[in-house]
Number of protein chains: 4
Amino acid sequence: MYFYSCARAGYINMNHMYGYRCSINGVKHMSSLETLGFIGLGVQTVNSPADVAAQCKHIITMLPATQHVQEVYTSRGTGIFSAIQENSLLVDSSTIDPAASQEMAAIASEKDSSYVDAPVSGGVNAARDAALTFMVGGAPRSFEMAQKYLSVMGRNVVHCGPVGTGQAAKICNNMLLGISMIGTSEAMNLGKKLGLEPKLLAKILNTSSGRCWSSEVYNPCPGVLDGVPSSNNYEGGFGTALMTKDLGLANNAATVNKSPIPMGSLAHQIYRIMTSSGYAGKDFSSAYQFLQDQEEKS
Amino acid sequence: MYFYSCARAGYINMNHMYGYRCSINGVKHMSSLETLGFIGLGVQTVNSPADVAAQCKHIITMLPATQHVQEVYTSRGTGIFSAIQENSLLVDSSTIDPAASQEMAAIASEKDSSYVDAPVSGGVNAARDAALTFMVGGAPRSFEMAQKYLSVMGRNVVHCGPVGTGQAAKICNNMLLGISMIGTSEAMNLGKKLGLEPKLLAKILNTSSGRCWSSEVYNPCPGVLDGVPSSNNYEGGFGTALMTKDLGLANNAATVNKSPIPMGSLAHQIYRIMTSSGYAGKDFSSAYQFLQDQEEKS
Amino acid sequence: MYFYSCARAGYINMNHMYGYRCSINGVKHMSSLETLGFIGLGVQTVNSPADVAAQCKHIITMLPATQHVQEVYTSRGTGIFSAIQENSLLVDSSTIDPAASQEMAAIASEKDSSYVDAPVSGGVNAARDAALTFMVGGAPRSFEMAQKYLSVMGRNVVHCGPVGTGQAAKICNNMLLGISMIGTSEAMNLGKKLGLEPKLLAKILNTSSGRCWSSEVYNPCPGVLDGVPSSNNYEGGFGTALMTKDLGLANNAATVNKSPIPMGSLAHQIYRIMTSSGYAGKDFSSAYQFLQDQEEKS
Amino acid sequence: MYFYSCARAGYINMNHMYGYRCSINGVKHMSSLETLGFIGLGVQTVNSPADVAAQCKHIITMLPATQHVQEVYTSRGTGIFSAIQENSLLVDSSTIDPAASQEMAAIASEKDSSYVDAPVSGGVNAARDAALTFMVGGAPRSFEMAQKYLSVMGRNVVHCGPVGTGQAAKICNNMLLGISMIGTSEAMNLGKKLGLEPKLLAKILNTSSGRCWSSEVYNPCPGVLDGVPSSNNYEGGFGTALMTKDLGLANNAATVNKSPIPMGSLAHQIYRIMTSSGYAGKDFSSAYQFLQDQEEKS
């Protein structure tokens with residue numbers, strides 16, 4: 001994830017290896033790896049989310065999963081809510097359970113502050129180019145305030161409705177993405193076995209009714225497109241373990257809301273099996289590789 | 001299906017209710033319903049595929065399924081092969097088992113004739129506008145000859161490789177389409193239950209990584225797009241029973257070629273259940289309706 | 001659900017239409033419908049779970065879902081925990097999220113009481129015959145105390161391990177049951193279409209490696225067995241909506257524990273679609289009917 | 001496969017590595033590996049299926065897949081039909097497409113002979129103990145004649161109906177078996193992750209509604225049962241590639257007969273992926289291992 005400068009705001013994100021990173025102001029065009037070196041970059045750092053809340057009224061968080069958000073916001077003594085100032089604006093760009101977003105918003109409201117959920121999509125390249133899409137759930141006034149910060153990082157900042165709908169939009173998008181990617185992998189793999197040249201097949205799909213983002217700009221078959229993970233041994237990109245997490249959220253939301261998602265559930269399980277089988281850290285387009293014959297997998 | 005005029009060629013298509021329709025020359029811009037009235041339109045009609053073959057060296061067939069193609073080509077006395085002339089060109093635009101296309105091509109070769117498989121995609125509107133896509137499998141010279149006719153009806157006429165690869169491309173495309181459509185239906189349905197306005201959700205998907213043909217130009221949720229089956233009670237379009245048939249071909253090809261298609265198989269089964277449950281004649285985007293709660297289906 | 005007399009214990013169960021039923025002692029061989037008439041039967045009734053806790057130290061609860069258990073135990077003022085006596089024993093026979101059972105146990109422990117989860121399986125006939133199976137999670141001493149009550153109602157009372165493992169065993173059993181039932185339905189339906197007489201097919205399966213509880217004692221094909229829901233228009237038995245709930249618990253547990261359950265997930269989705277399509281109140285073996293052709297369903 | 005002595009009959013089976021094995025009389029209690037050494041055992045061997053047909057009027061075949069049966073019966077010059085005597089009885093114990101069995105029967109009838117399909121189930125142990133189950137399709141008189149031979153090898157010889165219904169029964173049984181085995185693997189794996197001891201969980205399932213052949217006598221979790229493939233590194237037993245083949249037949253039959261088999265299809269795809277991922281030669285109960293976490297698989 002890349003960050004752009006947003007003066008007067010606090011940031012809290014998390015690196016899986018080193019724990020939370022908190023900073024005040026001055027974060028500019030910085031990759032998530034670089035955030036490890038906050039101090040070296042001259043950025044002011046603090047020790048806990050509470051310290052950020054004590055100094056900043058506008059806070060942006062971006063964390064891996066529901067439990068991290070709950071911890072960063074609600075931990076006694078060290079969480080944001082333990083030191084939050086009145087009239088604060090909390091912008092959470094993590095992808096988490098919509099119900100958890102609504103819980104955070106309820107607590108923020110008790111503290112006379114506002115909260116929006118603002119998950120993000122677009123991938124590494126979009127982050128580098130400040131071309132991310134933010135899907136925001138919150139009251140109209142909170143959305144307007146959040147937009148000021150989010151539009152620095154993203155090209156599209158969409159107001160989806162009340163708190164939780166940003167998560168809902170993200171979950172629905174990623175579920176469809178996860179389905180389409182496996183579908184594209186199956187189609188490319190089957191077509192190749194039936195004698196079609198992969199680049200030609202991709203071209204046909206992309207001018208026909210089978211076309212989708214996965215076939216057009218992120219084709220999972222190595223050699224079809226340059227500059228995508230499939231042509232780089234499935235390194236970089238969006239890890240299978242993260243896609244599995246997002247589809248877990250979709251399944252949970254679907255169960256709670258009694259909504260049938262047969263394809264979404266199967267996609268979840270396939271990424272789960274991939275995660276258990278050595279593909280956890282590879283880009284999720286490695287579904288293509290997972291479905292190939294053993295001898296072709298190299 | 002609409003036909004455009006292609007002088008000096010014979011046509012054989014099939015209407016489920018009235019059986020085969022065969023004609024010589026002069027078919028112009030005629031819908032499949034109008035072909036029922038071949039005679040009234042002044043088109044020369046004959047009684048059997050063999051009669052067409054006896055009078056025309058260039059024949060185009062478009063039939064519902066593998067068994068019809070086998071019957072029209074190989075029936076003793078009445079089939080094309082029983083009266084075929086030397087150096088004939090057979091263009092089959094049916095969507096059938098690639099292995100069956102290869103069998104027809106082998107017989108054609110024994111008769112000193114050539115055969116190409118040329119399945120078509122694009123739907124009713126593309127047919128009316130002569131904007132269909134033809135995916136053609138056959139020897140280069142045969143492809144060139146077929147192209148002359150097909151380019152009258154289609155905007156894209158793609159040479160996919162040897163005989164059978166036209167079917168392969170069609171099958172792969174429709175499998176991915178069938179998967180994406182159910183996936184889009186699940187995402188639209190879940191999003192609505194999570195509080196998202198359907199048009200807004202469609203807009204978000206279409207500017208994000210979830211976008212696909214089904215979400216963009218054929219959205220299955222009523223009211224999102226005008227002029228698509230979902231906004232017309234799922235009438236018209238591409239029937240669920242036909243999608244089920246195409247996915248049956250994909251499954252067959254995948255079994256024979258030992259290629260895993262978990263999502264394609266599940267899609268096949270869902271359309272199969274829909275076909276058994278009253279959706280056979282509705283457009284395949286009625287997957288959205290099938291997944292809805294009973295009280296919402298009305 | 002049938003209850004047998006267990007002197008000196010309190011009971012709390014729930015009727016979907018009339019809310020909670022609480023009683024002290026004297027409940028004997030009473031069906032869930034009869035519990036509506038607690039008063040008429042001379043059983044002492046009270047107004048809230050707290051009232052039960054104030055009078056009884058041994059309490060058995062049997063409630064529909066996780067949220068009801070949380071409400072009955074933790075509601076301020078009216079919940080069990082608000083009036084619990086020291087050294088109480090709480091036996092919850094509901095089928096709920098194992099994590100929720102662990103939360104209840106933790107609170108009970110703070111109140112110097114003990115809690116076991118003791119979900120039950122066996123169906124209506126086993127309940128009537130006191131032949132239920134209880135799967136119990138809890139400390140060994142608590143298990144021994146609970147066993148005294150549970151063995152009155154059930155033939156098998158199994159200690160599964162610490163709190164939560166009773167739920168785990170129930171969830172795993174019902175997941176496998178839900179899968180096998182759809183699998184049996186598919187096999188019976190396909191076999192019939194292939195020309196096999198259903199009773200003969202069932203006999204073959206039951207003497208071969210395909211045999212399972214669903215094929216042997218609860219066959220979903222009407223006419224194969226007497227006295228099962230399939231031979232009574234799928235009335236009675238275990239409702240599809242309840243099976244859907246249990247599979248939702250299995251999916252949740254699998255997601256949290258990163259365990260792949262592809263078949264369990266698909267079964268969940270199929271029962272979900274059935275629930276949305278008019279099968280919610282029918283026995284879950286109506287999966288057979290759901291998969292049949294429309295004209296055969298009548 | 002083990003064979004018992006059946007005087008006056010011819011046998012044709014196939015070893016994947018060495019091709020067809022044909023013999024006359026005297027085959028007794030011989031494993032498929034031993035059949036490689038027909039000659040050394042003093043059994044009379046011949047060079048082609050035609051040679052068997054020329055010498056024997058009662059012939060039993062047991063071959064891997066549809067194409068082998070077609071080859072052994074119909075090859076010009078070397079196939080059974082090229083040398084068949086009048087009033088022969090052909091018993092095919094291969095598991096193949098029911099439609100192919102019907103084709104063979106039709107040719108046999110033209111040759112004034114009779115044909116029954118008699119696929120077998122039971123596994124290696126049942127074969128050794130002459131306790132196999134044969135499912136036989138054919139005319140009543142042919143069945144009676146075949147029964148004489150089959151009852152030497154099998155404990156159950158069941159007449160299923162006309163030609164093809166033996167295959168139908170076998171396909172339905174193995175589909176349900178394939179589904180139950182993955183379901184059992186999921187339940188055992190999930191239960192273990194939830195803290196249940198595998199032997200205890202198996203015991204609970206086996207006294208509850210989740211019980212099935214896979215949980216009771218062929219449990220896929222290592223250590224639960226002795227003498228099954230799961231306790232022998234999944235060696236021996238019924239290979240995943242063979243199960244994949246049988247489920248391919250089920251899918252084919254279901255597609256042709258328009259019968260929905262969602263669980264059967266998913267099972268097929270899971271075994272297919274296993275076959276592509278290094279599990280082809282392992283027993284199909286290695287589904288348990290396939291679903292485990294990488295670090296647990298070792």
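How many cavities of 30 Å³ or more does a search of the whole structure find? I got 6. A cavity here is a set of points on a 1 Å grid over the protein atoms alone where a 1.4 Å probe fits but cannot get out. Grid points are joined across faces, edges and corners, and a volume is the space filled by probe spheres set on the points.

Before going on, I noted that this is a predicted model, where local features need pLDDT of at least 70 and side-chain atom pairs count only at pLDDT 80 or more, while totals for chains, interfaces and linings use all residues. Residues are numbered from 1 along each chain as its sequence is written, chains are lettered from A and ligands numbered from 1 in the order in which they are written, and side-chain values use heavy atoms, without hydrogens and water.

**Largest cavity.** I read about 70 Å³ of space for the largest cavity. Its lining (residues with an atom within 4 Å of a point) includes A:Phe290, B:Pro262, C:Pro262 and D:Phe290. Helix 10 (262-279) of chain A and helix 10 (262-279) of chain D are the elements that give two or more residues to this lining; helices are DSSP runs of H or I with at least four residues, and strands are E runs with at least two, numbered from the N terminus. I sorted the lining into 10 nonpolar, 2 polar and no charged residues.

**Chains D and C.** Next I looked up the contact (heavy atoms within 4.5 Å), which takes 60 residues from chain D and 59 from chain C. The buried area is about 4900 Å², with 68% from carbon and sulfur atoms; this is the accessible area (1.4 Å probe) lost on putting the two parts together, summed over both. I found 2 salt bridges between these chains, taking a side-chain nitrogen of Lys or Arg within 4 Å of a carboxyl oxygen of Asp or Glu. D:Arg211 and C:Glu216 meet in a salt bridge at 2.7 Å, N to O. On the chain D side, helix 6 (165-193) is among the contributing elements, and helix 6 of chain D gives the most, with 21 residues.

**Chains B and C.** Here I noted 11 residues from chain B and 11 from chain C. About 850 Å² is buried, 55% of it from carbon and sulfur atoms. B:Ile273, B:Ser276 and B:Gln294 supply 46% of the area that chain B buries against chain C, more than any other three residues. My salt-bridge count between chain B and chain C was 0.

Key: 1 Å grid on protein atoms, 1.4 Å probe; cavity = no way out; pocket = protein on both sides within 12 Å on 5 of 7 lines; lining within 4 Å. Nonpolar A, V, L, I, M, F, W, Y, C, P; charged D, E, K, R; others polar.
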